[in-house]
Amino acid sequence: GGGGGAADAAHAELSAAQRFAALLDDENSSAVEVFASPHVGAALADPTSKIHTWLAKPRVLDELFAHVNFLVPPPPEPAPAATDDDINAGGDDAAAATSNRPKDSAFRQQRLRAWQPILTPCPVISFFFAVGLVFVPLGALLLVASDSVYERVYRYDNLPGCRLCEPSTGGTEKCARTHDERPCNVVVNIELPPGQTELAPPVYLYYQLTNYYQNHRRYVKSRDDSQLRGEQISYSAAKTSCDPLVSANGTESDADVYLPCGLIAASMYNDTWRTLDYIGANCTSGGGGTRVPISAEGIAWPSDKAFKFQNPKPNADGMIVGQPLPNVPPDSPLRNFTLTDEDFIVWMRTAGLPDFRKLYGVIRQPLRAGCYAFRVTNRYPVWQFAGTKSIVISTTSWAGARNPFLGYAYSIVGAVCLLIALAFLVMHCVRPRKLGDLSKLRWTRT
């Protein structure tokens, strides 16, 4: 019985091998049938097997590519999204994994529509021409507007009668004599072009300081904005914001805190020259002519006056500036100023460069040509840091104050753009570059 079963198995194995060989010989055999046979592995490993010749047939290759899904195992199914129950059950690790996952939105996944221009010669040349044709006339208009502004600068700290530091003629001392205050007359001559007899109002007056670094970090930080808004602050708060000039005599009492505190307020410009006389054509006269009113109203920004600077309550603790403070002499008009004083507000807006101007007054009537005398009370020392002080008389145009830089910048940029456009146009006409077919781009297909 055992021998008969082995013989039957051998016969069945021989029959399967014969059927596999018959499939390889059959011209119409299916690739699915061949690869379903258990003998295909041994046949592929045998270099003398007919299966290699069978695989080289075009019909078989086409059928294999058509049934590639039959030969390649399917990809694994994606894992289901985690639910709230899964997160709670998974603990902190699962919660952290889902919390870092960005939302499936067009913005988060960078699927927003975008436009990328194709820079062909014609649009590029047109763009440069357009920029040049706009910038060159605009630059010319700005230059004309800047040239129409009348501006004169008159330095007065070095005049013989105004010097706080009288220079030494010998020895090592820089000053032979110093003064805390010196009144003097600064005579200016307003010369106008032919055909123009007066300066149209408003005429702006500025004081100009040089070599004065208001942008120094320690200087800029030495102020307390809450105190400037009228709020009462303690000594500890003032020490943090206004150091090193915090309180009178360095005491740690709230009642001795300066109002306002800090280096900016203490170093306020305190020269006065709001008395201006017209003395006619003779500039050697010492004054006594027609008085020209100078207004200090409206020189500060309205937003600063409304929101950033308010006077403290009458009974607030602190040492008002009316008490002794550096650069505020007893008879100075600034002795009892308030935090809403516009001169003070203008000074507290610090400059970013060492040479700067700040608005001091406005003349709101026509200013005829001729000589004028400013009655200056010189108090502000600048000789210690080699600085200078000047009076600036200026008008404005529709483009603002005198500033030729903007006009030159627009003109130069416009001229360069026109030159580039001409160069590109010549290159495009003489040696045009062969362009690709834009219709082949994916986003241009319909």
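I take contact to mean heavy atoms within 4.5 Å. I take helices (H or I, at least four residues) and strands (E, at least two) as DSSP runs, numbered from the N terminus.

**Entry 1: ground rules**

I am working on a predicted model, where local features need pLDDT of at least 70, side-chain atom pairs count only at pLDDT 80 or more, and totals for chains, interfaces and linings use all residues. I number residues from 1 along each chain as its sequence is written, and side-chain values use heavy atoms, with hydrogens and water left out.

**Entry 2: the whole protein**

I looked up the elements and found 16 helices and 14 strands. I then checked burial, with buried meaning under 20% relative accessible area, exposed over 50%, and partly exposed in between (1.4 Å probe, protein chains only). Of the 446 residues, 34% count as buried. The accessible surface comes to about 27,700 Å². Carbon and sulfur atoms hold 58% of that surface. These areas come from the Shrake-Rupley method with a 1.4 Å probe; for residues, only the protein chains shown count as cover. I also looked at contacts between residues at least 6 apart in sequence: 74% of them join residues at least 24 apart.

I compared the end-to-end reach of each helix with its expected span, which is 1.5 Å times one less than its number of residues. Helix 9 covers residues 121-147. Its 27 residues reach 39 Å from first C-alpha to last, close to the 39 Å expected. Helix 16 also has 27 residues, and its end C-alpha atoms are 39 Å apart, so the span agrees with the 39 Å it should have at 1.5 Å a residue.

Which residues of helix 9 are buried? I find Ile125, Phe128, Val131, Gly132, Gly139, Leu142, Leu143, Ala145 and Ser146. They pack against helix 16 (404-430). In helix 16, the buried residues are Gly407, Ser411, Gly414, Cys417 and Ala421. Their cover includes helix 9.

**Entry 3: the largest pocket**

Rolling a probe the size of a water molecule over the atoms shows where empty space is left. I used a 1 Å grid over the protein atoms alone: a pocket is an open set of points where a 1.4 Å probe fits, with protein on both sides within 12 Å along at least five of seven lines, and lining residues have an atom within 4 Å of a point. Volume is the space filled by probe spheres set on the points, and grid points are joined across faces, edges and corners.

The largest pocket has a volume of about 330 Å³. Helix 15 (342-348) and strand 11 (356-363) are the elements that give two or more residues to its lining. Strand 11 gives the most, with four residues. I count 16 lining residues, and Val346, Arg349, Arg357, Lys358 and Leu359 lie nearest the centre. By class, the lining has nine nonpolar, two polar and five charged residues. Here Ala, Val, Leu, Ile, Met, Phe, Trp, Tyr, Cys and Pro count as nonpolar, Asp, Glu, Lys and Arg as charged, and the others, Gly among them, as polar.

I went to the loop between strand 6 (203-209) and helix 10 (217-221), where Thr210 sits. Is Thr210 buried or exposed? Thr210 counts as buried because its relative accessibility is 16%. Beyond its neighbours within four places in sequence, Thr210 is in contact with Pro354, Asp355, Phe385, Gly387 and Thr388. Thr210 and Lys389 are 179 residues apart in sequence, yet 7.0 Å apart in space, C-alpha to C-alpha.

Asn211 lies in that loop between strand 6 and helix 10. Asn211 is partly exposed, at 31% relative accessibility.

Most residues other than glycine have a negative phi, and most peptide bonds are trans. I noted the exceptions. Asn211 is not a glycine, but has a positive phi of about 60°. Gln110 has a positive phi of about 55° and is not a glycine either. Gln110 is in the loop between helix 8 (92-99) and helix 9. Gln110 is exposed, with a relative accessible area of 74%.

A cis peptide bond joins Pro201 and Pro202, with omega about 0°. Pro202 is in the loop between strand 5 (198-199) and strand 6. The bond from Asp243 to Pro244 is cis too, with omega near 15°. I place Pro244 in the loop between helix 12 (235-242) and strand 7 (258-259).
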